[in-house]
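Q: I have a model open on my screen and would like to learn how to read it. Could you walk me through it?

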Amino acid sequence: MSEAAGPVRLRANAIRVGYRGRDVLHDLTFAVPSYRFTALLGPNGSGKSTLLRALAGLTPLRAGEVTLDGLAIPMLSRRRLAEMISLLPQTPRAPDDLAVADLVAQGRYPHRRLFTPWSLQDQAICNDSMRLTDVDGLAARLLGRLSGGQRQRAWIAMTLAQSADILLLDEPTTYLDIAHQLDILDLLRRLVREQGKTIVAVLHDINHAARFADHICLLKEGRIVASGSPRDIIQPSHLREAFSIEATILHDPYDGVPVCVARK
Ligand SMILES: Nc1ncnc2c1ncn2[C@@H]1O[C@H](COP(=O)(O)OP(=O)(O)OP(=O)(O)O)[C@@H](O)[C@H]1O
């Protein structure tokens with residue numbers, strides 16, 4: 001169930017990850033579908049953030065390996081990895097007195113060389129990233145003076161400015177109002193369709209995953225319980241197994257997308 005049907009660039013092979021004495025991911029294998037938008041869903045504590053960090057090469061593995069284009073991640077330099085993979089963590093940190101434009105410019109660091117001046121291309125990419133995330137009007141504002149949602153969009157802009165092929169996003173819609181949630185999810189889908197990005201995003205909203213993702217990977221207690229298309233995964237049996245909920249699956253009369261109505 002965990003194998004992707006299409007091409008695969010990023011792959012976790014039987015990875016075991018833990019903190020102190022406890023394993024959190026148990027010999028988990030996951031082939032990230034390339035050029036697709038994958039949603040990671042699962043209950044709190046099921047290991048979604050841990051898996052995302054492991055895919056980004058930021059977590060020591062107790063067993064197994066993560067490979068990018070067939071190479072184990074430790075074989076790649078930090079710079080090379082950052083050119084290929086951009087991670088937006090769940091709670092990113094930056095000084096409150098940093099301006100939005102300066103945060104977004106940080107995204108360019110893997111592409112910059114010592115003594116190379118900031119280029120027009122760097123600036124154009126940052127401007128584009130801010131425009132796409134609707135923070136271009138906030139470029140001069142300090143992070144500490146933004147709302148939670150504005151700050152989250154600034155971080156997404158920084159993640160985009162990195163120009164990586166693979167984006168790993170931990171709860172990118174947190175703090176966003178419904179219109180901005182839909183904007184960001186639509187943007188992610190367009191980045192996949194129009195720019196050939198590969199995206200894995202931790203989402204908590206089953207219906208957003210059903211509507212926007214091409215692929216859903218359902219985690220429970222550090223294991224993948226189901227992985228496949230939204231239609232295959234948004235099923236009462238899978239949702240019961242992962243979340244212990246009773247779900248009724250309807251279909252949006254407008255476009256037929258599955259809609260989950262959940263009860264305990
Ligand atoms: N730095 C850490 N030190 C110790 N335990 C940790 C650490 N980070 C995560 N854990 C534990 O690992 C397990 C998986 O956590 P993880 O954050 O990956 O889950 P998650 O599915 O992303 O959860 P959530 O939906 O709540 O964000 C949890 O039991 C958590 O308590």
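A: Gladly! One idea to begin with: a residue is near a molecule if its C-beta atom, placed from the backbone, lies within 6 Å of it. Keep in mind that this is a predicted model.

Q: Which residues are around the ligand?

A: They are Tyr19, Val24, Gly42, Asn44, Gly45, Ser46, Gly47, Lys48, Ser49 and Thr50. By type, this shell holds 2 nonpolar, 7 polar and 1 charged residue. Helix α1, residues 48-55, gives the most to the shell, with 3 residues.

Q: Now the sheet, please. What is the order of its strands?

A: The sheet is open and has 4 strands in the order β2-β1-β4-β5, with antiparallel pairing. At its edges stand β2 (22-33) and β5 (71-72); each has a single partner strand, so one side of each lacks a neighbour in the sheet.

Q: How many bridges join β1 to β4?

A: Strand β1 (residues 8-19) and strand β4 (residues 63-68) run antiparallel and are joined by 5 bridges. To find one of these on screen, look for Ala12, whose bridge partner in β4 is Val66.

Q: And how do I describe the way helices α4 and α5 pack?

A: Start with angle and distance: α4 (residues 120-132) and α5 (residues 148-161) pack at about 140°, and their axes are 8 Å apart. Angles over 145 degrees would count as roughly antiparallel, and α4 and α5 are therefore oblique to each other. The crossing of α4 past α5 is right-handed.

Q: Which residues make that contact?

A: From α4 come Ile125, Cys126, Ser129, Met130 and Leu132, and from α5 come Ala157, Leu160 and Ala161. Of these contact residues, 7 are nonpolar, 1 is polar and none is charged.

Key
Residues numbered from 1 in each chain as written. Predicted model: local features only at pLDDT ≥ 70, side-chain atom pairs only at ≥ 80, totals over all residues. Pairing = 2+ DSSP bridges. Helix = DSSP H or I, 4+ residues; strand = E, 2+ residues; numbered from the N terminus. Nonpolar A, V, L, I, M, F, W, Y, C, P; charged D, E, K, R; others polar. Axes fitted to C-alpha atoms, helices over the stretch in contact; angles between N-to-C directions. Parallel < 35°, antiparallel > 145°, perpendicular 65-115°, else oblique. Left-handed = near helix turned anticlockwise from the far one by under 90°. Contact = placed C-beta atoms within 7 Å.
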